[in-house]
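Keep the viewer open as you read.

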Amino acid sequence: MSRQVPLMYIMLAANTLILAWTHLDAAPIDLTVYIPAILTALCAIRTIVWWRTRNRMLHPAKVRNRLRGVVWSGAAVSLGFTAWSFSLFPYGDPYLQSHIAFYMGITTIGCMFCLMHVRSAALVVGICVLGPFTVFFMSSGQETLGAIAVNMILAVAALLIILLGNSRDFADLIASRSAIAQRQQETQRLNQENHRLANTDPLTGLPNRLSFDRHLAAALKEAAAEGRPIAVARLDLDKFKSINEIFGQLAGDRVLLEAARRIGSLRRKDTFLARLESNTFGLILSGPIDQQTLTHAGEVLCRAMRLSFDQPEGVIRLTASAGLAASQPGDTADGLFDRADYALSCAKRDARGGAIIFSEHHAREISKVRHMEHLLHSADLDKEIYVVLQPQFDVSIGATIGFEVLARWRNPVLGEVSPADFIPMAERTGQISKITQSVLRQALAISRTLPPSIRLSVNLSAHDIGSTTAIEQIVALFDRGRSPCQIDFEVTETAAVRDHKQANQSLLTLLGLGARIALDDFGTGHSSLTHVQQLPLHRIKIDRSFVAEVTSDIASRAIIKTMIDLSRNLGISCVFEGIETEEQLQALIALGGTIMQGYLFGRPMAVDEVEGYLRRERSQNRAVS
């Protein structure tokens with residue numbers, strides 16, 4: 001409309017000036033100069049108003065008002081120009097009168113075409129001109145003018161039909177475009193919502209791991225281009241699982257929200273914060289990066305988590321460990337993140353509740369670990385894995401009743417490798433089942449050389465009891481024709497609860513071989529009594545952390561007494577680990593303990609030393625008797 005209406009007024013003004021010019025000598029000056037000048041000025045003003053708004057985006061309400069104005073102004077202009085035209089009619093000869101009829105007809109049709117997109121305005125213009133035009137010329141008494149009036153009626157009628165059709169099509173087009181625009185807006189909204197959900201943690205509203213990885217890659221690329229470092233920090237809430245178990249899931253969620261708020265309030269504006277996992281947050285530090293800055297950042301983050309979390313369920317206190325790493329030239333996002341993750345694992349292992357910054361020392365450790373992983377993966381485990389045996393002694397009968405089979409690794413390159421190093425590594429790399437099978441083969445061979453009363457305990461990992469394939473491979477090692485079985489399988493509580501249903505099925509399968517089941521490290525989990533009740537157990541092994549304090553801590557003695565009574569009531573035996581002093585032994589005997597394991601009774605020994613050990617024990621027992 002902002003382009004068509006100016007054309008209409010230009011056409012109207014031009015036709016008006018031409019008509020006035022043809023009547024200069026025939027009509028009064030008022031009708032040929034003054035009134036046309038006023039009408040032309042009005043057309044010029046309206047043209048300028050519409051032309052100035054041609055590129056403006058107006059509010060829909062203002063657009064509606066403007067279109068309503070078109071209808072009313074169209075009626076006023078039509079009546080005004082029609083009245084002026086009729087006022088000229090008496091002053092002309094037939095040619096000039098015909099010019100007036102032609103002017104009114106062609107101008108009306110032109111205006112209606114220019115207003116075709118506003119149907120009501122086109123109708124008003126047609127009616128305001130055609131009605132007076134028809135009445136005036138039909139009543140003039142001249143047949144030619146009457147014929148012109150009839151022609152005008154037919155032409156305008158045909159034009160109105162065309163305009164109504166075009167208007168309907170135009171309205172449908174606008175409705176279709178509007179619907180498409182609405183669908184596009186809805187699609188865009190859904191895309192934005194999906195993008196937000198895909199990149200945002202639903203609990204805290206922070207960016208999630210996906211968003212963190214993408215931002216880290218972009219930040220590292222930008223920093224490398226500018227020749228400056230960035231840093232990654234990982235903050236992990238220590239023992240967070242216990243909060244959910246003790247206080248409930250809702251309390252745990254509120255703690256996470258408060259932790260996110262605290263971290264967010266402490267970070268700099270150029271620091272990117274995300275929630276990576278359940279209780280782990282990640283930060284990308286883009287400001288000045290040096291040892292002092294990273295140390296301060298780690299201390300501030302860990303200190304903030306030590307403040308109590310006051311919840312409706314009670315006051316919750318926890319700590320957080322942090323690992324930080326600065327980028328290096330040529331770094332990748334994965335490499336930088338892995339270094340921060342390694343620093344975090346070191347903090348949780350060596351400085352729980354504090355922060356550790358990745359250093360060259362850690363780089364050497366990683367290199368060593370990777371080298372060890374490679375050697376473990378390529379090792380001939382049946383040749384390199386060997387076992388040692390640690391006795392389990394029953395003080396009530398004064399004799400050894402079994403041995404725990406402990407795995408050792410002697411590598412041609414590394415030499416002797418500590419179990420504390422290679423066992424977790426084997427679990428992480430999926431090699432643990434192969435080690436278990438190697439140890440079990442050796443244990444079965446050893447059991448054939450021992451008296452039937454001596455049992456051997458073999459440790460199973462979480463992967464072993466959680467895998468149907470691993471259990472089938474273990475079962476295949478047993479000689480079904482040999483009886484009785486002298487093997488006890490020890491499982492940790494953590495391994496049992498990872499997939500309780502599968503663990504229970506695996507243990508039942510092992511029981512079918514004639515083996516017995518022991519729960520290792522009893523007392524260190526959060527739901528030990530439940531597991532003792534639900535698992536098919538013959539024995540529990542009390543963790544050495546309780547034994548270490550039995551002589552000095554009243555609470556430890558009370559807990560141990562409860563465990564002994566529990567095992568007695570359930571009809572299962574109880575083994576105490578880590579006994580190193582005579583005082584510990586006497587304290588445990590006083591509480592009712594009978595089966596002991598520890599350096600006081602014997603360190604882990606080579607297989608060829610077992611026969612001599614048992615022979616010396618029998619000799620001592622005969623001498624005493």
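This is a predicted model: local features need pLDDT of at least 70, side-chain atom pairs count only at pLDDT 80 or more; totals for chains, interfaces and linings use all residues.

In general, strands of a sheet pair through backbone hydrogen bonds, and they can do so in either the parallel or the antiparallel sense.

Now zoom out from that pair. S1 and S6 belong to an open sheet of five strands, ordered S2-S3-S1-S6-S7, and the pairing is mixed. At the edges you'll find strand S2 (272–277) and strand S7 (355–357), each of which pairs on one side only. Going from one strand to the next, the twist averages 20°.

Further along the chain there is more pairing to see. Strand S14 (residues 539–542) lines up with strand S15 (residues 573–576) in the parallel sense, over four bridges. Here Arg539 is the residue across from Ser573 in S15. S15 also pairs with strand S16 (residues 595–596), again in the parallel sense, this time over two bridges. Along that pairing, Val575 stands opposite Ile595 in S16.

Next, the charged side chains. Side chains of opposite charge can pair when their charged atoms come close. Taking a side-chain nitrogen of Lys or Arg within 4 Å of a carboxyl oxygen of Asp or Glu as the rule, the count comes to 28 salt bridges. One of them links Arg261 and Glu258, at 2.7 Å from N to O. Why are these two about one helical turn apart? They are three residues apart in helix H9, which covers residues 249–266, so about one turn separates them. Glu258 counts as partly exposed because its relative accessibility is 22%, and the buried class is kept for values under 20%.

Two other salt bridges are worth a click. Arg349 bridges to Asp350, with the closest N and O atoms 2.9 Å apart, and both Arg349 and Asp350 are exposed. Arg410 and Glu416 meet at 2.7 Å, N to O. Arg410 counts as partly exposed because its relative accessibility is 46%; Glu416 is partly exposed too, at 45%.

H6 gives the most, with seven residues. Sorted by class, the lining of this pocket has 12 nonpolar, six polar and six charged residues.

Last stop: Ala14, in helix H1 (residues 4–22). Is Ala14 buried, exposed or partly exposed? Ala14 counts as partly exposed because its relative accessible area is 34%. Cys43 is 29 residues away from Ala14 along the chain, and their C-alpha atoms are separated by 9.9 Å.

Methods:
Residues are numbered from 1 along each chain as its sequence is written. Side-chain values use heavy atoms; hydrogens and water are left out. Buried means under 20% relative accessible area, exposed over 50%, partly exposed in between (1.4 Å probe, protein chains only). Ala, Val, Leu, Ile, Met, Phe, Trp, Tyr, Cys and Pro count as nonpolar, Asp, Glu, Lys and Arg as charged, and the others, Gly among them, as polar. Two strands pair if DSSP finds at least two bridges between them. Axes are lines fitted to C-alpha atoms, for helices over the stretch in contact, and angles run from 0 to 180 degrees between N-to-C directions.
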